[in-house]
Amino acid sequence: MKRITALATAVVLVGSLAACGGKAGTGATGGGLPKVGVTIYKFDDNFMSFVRRAIETSAKDRAELILNDSQNDQSKQNEQVEMMISKGVKALAINLVDPQAAPAIISKAQAANLPVVFFNKEPDAAVLQSYDKTWYVGTASAEAGVIQGNIVADAWKANPNFDRNGDGKLQYVLLKGEPGHPDAEARTKFAVDTIREAGIDVEELELQTGMWDTVKGKELMDAWIAKHGDKIEFVLANNDGMALGAVQSLKANGYFTNDKYLPVVGVDAIPDALDQIKNGLMLGTVLNDAKNQGTAATDLAINAALGKDPLEGTAWKLDENKAVRVPYVAITKDNLAVAEEAYK
Ligand code: GAL
Ligand code: CA
């Protein structure tokens, strides 16, 4: 845990260095700031609203942004990309609606000889290799699952009373993100695999998609409590948005009073989830670093817009898939400050 925390701090430091050192300056577009076209898959997504804010902050005085809400509609996003190209953007920074839609965006960009930085929804590796002017900024999706699984396994071993029916097995329900989204698939698989690898027997009572959404998370949890009652021993959520919905449902069903408790874990470490951890209503989460992902996407897009190497003047590193991967960090009540920093 210490090592991971130190690593995250290092990334925060290099991130802010990059923000200073990577200043685009002027001259690229005849004296003005370079125009960069950005899409967010939908503004109405908790975590993405923090990434968007990081992009806006980091682009200040360095680029002229055209920022679009794709409203969870890929055909709308395709039109927005065409519109931005016709307005003369020098680079695109794209948060896909559908991770499979990258080739359609690349062919539009390629026709206009424009660079594209995808972020948050990872295209297939082969698609990223298909065009030399495209890169990805995000995370290593599986890492969040492993870290979440370790939080669960450690807590399970430390709290024998979590095994409510005393059968030695961990009965869980799992709120999954958008099916087909690399983060949702990997978090689900690696969280459960990690718990098993820690030597814990598991039984899945329910697994359904709540589409990253708080309201859907609450509705599913309501239904699961009605169906399974006290048989549920752990709530795993692919993100905090859905975990917060589960907490609302649990509260409404009499949990978190009179010793009635159910551990809930999420991913993202958004401020609302940190509050719940502080209050004891969530056990933990995994920091998905909105600030550094937004900053890295902006740095790469501005450099590419200026015809520079995407990493010039920054401390970001590309892996063999042309991806910058910002590390995840385990967050419990013991290190909330680490997460607060990433959402300032
Ligand atoms: C994930 C994040 C989710 C949601 C999703 C959107 O990385 O954990 O909360 O924002 O991205 O693509
Ligand atoms: Ca049990």
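How are helix 8 and helix 9 oriented to each other: parallel, antiparallel, perpendicular or oblique? In this predicted model, the two helices pack at an angle of about 45 degrees, and their axes are 7 Å apart. Angles under 35 degrees would count as roughly parallel and those of 65 to 115 as roughly perpendicular; helix 8 and helix 9 are therefore oblique to each other. Their crossing is right-handed.

|---|---|---|
| Helix 8 | residues 214-228 | Thr214, Gly217, Lys218, Met221, Asp222, Ile225 |
| Helix 9 | residues 240-252 | Gly241, Met242, Leu244, Gly245, Ala246, Gln248, Ser249, Leu250 |

Helix 3 is considered next. Helix 3 comprises 13 residues (residues 74-86), which should span 18 Å at 1.5 Å a residue; the end C-alpha atoms are 19 Å apart, in agreement with that expectation.

Which residues of helix 3 are buried? They are Gln74, Gln77, Asn78, Gln80, Val81 and Met84. An α-helix has 3.6 residues a turn, so residues three or four places apart point the same way. On the other side of helix 3, Glu79 and Ser86 are exposed.

The cover over the buried residues of helix 3 includes strand 1 (35-40), strand 2 (64-69), strand 3 (91-94) and helix 4 (102-111). Just after helix 3, Gly88 adopts a positive phi of about 85 degrees.

Methods. Residues numbered from 1 in each chain as written. Chains lettered and ligands numbered in written order. Predicted model: local features only at pLDDT ≥ 70, side-chain atom pairs only at ≥ 80, totals over all residues. Heavy atoms only, no water. Helix = DSSP H or I, 4+ residues; strand = E, 2+ residues; numbered from the N terminus. Expected span 1.5 Å × (residues − 1). Buried < 20%, exposed > 50% of the residue type's maximum accessible area, 1.4 Å probe, protein only. Contact = heavy atoms within 4.5 Å. Axes fitted to C-alpha atoms, helices over the stretch in contact; angles between N-to-C directions. Parallel < 35°, antiparallel > 145°, perpendicular 65-115°, else oblique. Left-handed = near helix turned anticlockwise from the far one by under 90°.
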